[in-house]
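Dear colleague,

I am passing on the structure we spoke about, and my notes on it follow directly below the display. Please read them with the model open beside you.

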Amino acid sequence: MKSNMVALAAALASSGLLLGLPAAGPARDETPAPVAVAWPTAQRAALPATLPDGTAYQPIFFQDARTSVGTAPSPDGKQLRLLVRTEARVRVLRSLPDAVNPSFQAVTGSGTTLAWIENAGALSLWTADASTVRRVTVDVGNFRSYRSSGDLEVVDGQAHWVAGDKSGGTSVRSVALSGGPVSGRVLPGSWRVTGWPWLVDGVTDTRGASVLRNAVTGEQRPITRTARASTECSPDYCRVVSIDDDGWSRIELMHPDGSNRSTIAEGDVNTAVVDVAPLGRFELWVRIGKTSELTGNAELLVHEIATNRTVQISQDAGQITYRNGVVSWTAGSLTTFVRHSLDLRTIPGAP
């Protein structure tokens, strides 16, 4: 069993599916309702893996279920393009020569405005709207990415992110998208943005977070932690992941002060995304099945906090991502697949 679990871990890591190795657990007989039955009016879409020009497309950020921003090589393979893709058209925002080993990181947006950090030998911050694309600053610093929505956030016309500092601390950085100087302040320790203006610590601590800090006011809120568990937090909720003496995994949610603690899932389960309790309404998780070891995929589920019910998003999901209220995943093999999306913001209920 141990060798099988090691093989499974390697497969899941290669697909980018899970945040850690799931523990063995008991089988569960319950069958959650699929999204189409539970929330028939929720906006969903299926996205081909290639563009009309035949190049492979990798979405990074979804403005809604049908509109995404992602990357694709040029048809001749000499450029890496950042583009906006809708069902009707493709708009190229940037094109960088492949010779500089380019990348586009932390794409985000607010309304019709997009922002991203690109690497073309040096880091820079860019923005785009319906008609223009412009560089905002090259003063990005040693940008830190945690594969979360907080890597780069745009609030009230300002971009916010964190960078490493020479002192070993965290530089909290902000700049107006209209341009101007970058403001920054250094905090001891490792922090990440978890819903601006809130930061959370514990990035390098196996036990996870211990305090939330408001980057604007300086207010700090202690987090109740549990022994033998890892805790990750947003301003409203904390996710506690533990393994009991029998090797079963357990995912729980609670408020940062430890109140209203409840079990979301247990058994052969694991977290699906870095972000805790998306929209303050849901928790995304996966259940490992009999074929996961071969495919690297798993059953993707969403727990609705207010109703305490679980809904099945996909029976066999890989490459799971979450940004801007939209969860996306692939269905199929690593080489032949279709990407799907679900806009959690369109699910009926309290915003």
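I begin with Cys 238, which counts as buried because its relative accessibility is 0%, buried here meaning under 20% relative accessible area, exposed over 50% and partly exposed in between, with a 1.4 Å probe and protein chains only. Before going further, please note that this is a predicted model, in which local features need pLDDT of at least 70 and side-chain atom pairs count only at pLDDT 80 or more, while totals for chains, interfaces and linings use all residues. Residues are numbered from 1 along each chain as its sequence is written, and side-chain values use heavy atoms, with hydrogens and water left out.

**The disulfide**

Cys 238 is joined to Cys 233 in a disulfide, with 1.9 Å between the two sulfur atoms; the rule applied is that a disulfide is a pair of cysteine sulfur atoms within 2.5 Å, and by it the count comes to one. The link between Cys 233 and Cys 238 is right-handed, with 105° about the S-S bond. Cys 233 is likewise counted as buried, because its relative accessibility is 0%.

Strands and helices are DSSP runs numbered from the N terminus, a strand (E) having at least two residues and a helix (H or I) at least four, and two strands are said to pair if DSSP finds at least two bridges between them. Strand E21 (residues 249-254) runs antiparallel to E22 and is joined to it by five bridges, with Ser 249 placed opposite Gly 267 in E22.

Strand E2 (residues 58-64) is connected to E3 by a hairpin through two residues; the two strands run antiparallel with five bridges, and Phe 62 lies opposite Ser 68 in E3. Strand E3 (residues 67-73) in turn has six bridges to E4, again antiparallel, including the place where Pro 73 stands opposite Leu 80. Five residues separate E3 and E4 in their hairpin, and Gly 77 in that turn has a positive phi of about 75°. A further hairpin leads from E4 to E5 through four residues, and seven bridges join E4 to strand E5 (residues 90-97) in an antiparallel arrangement, with Arg 81 opposite Ser 95. Of the seven residues of strand E4 (residues 79-85), six are buried, so this strand is largely enclosed by the rest of the structure.

Strand E6 (residues 103-110) is joined to E7 by six antiparallel bridges, and Ser 103 has Asn 119 in E7 as its bridge partner. Their hairpin has two residues between the strands, with a positive phi of about 65° at Gly 111 in the turn. Five of the seven residues of strand E7 (residues 113-119) are buried, so E7 is largely enclosed by the rest of the structure.

**The cavity**

The structure holds one cavity of 30 Å³ or more. A cavity is taken as a set of points on a 1 Å grid over the protein atoms alone where a 1.4 Å probe fits but cannot get out, and lining residues have an atom within 4 Å of a point; points are joined across faces, edges and corners, and the volume is the space filled by probe spheres set on them. The largest cavity has a volume of about 30 Å³, and its lining consists of Leu 47, Pro 48, Ala 49, Tyr 57, Pro 59, Phe 337 and Arg 339. Strand E1 (44-48) and strand E28 (337-343) each contribute at least two of the lining residues.

With best regards

Methods
1 Å grid on protein atoms, 1.4 Å probe; cavity = no way out; pocket = protein on both sides within 12 Å on 5 of 7 lines; lining within 4 Å.
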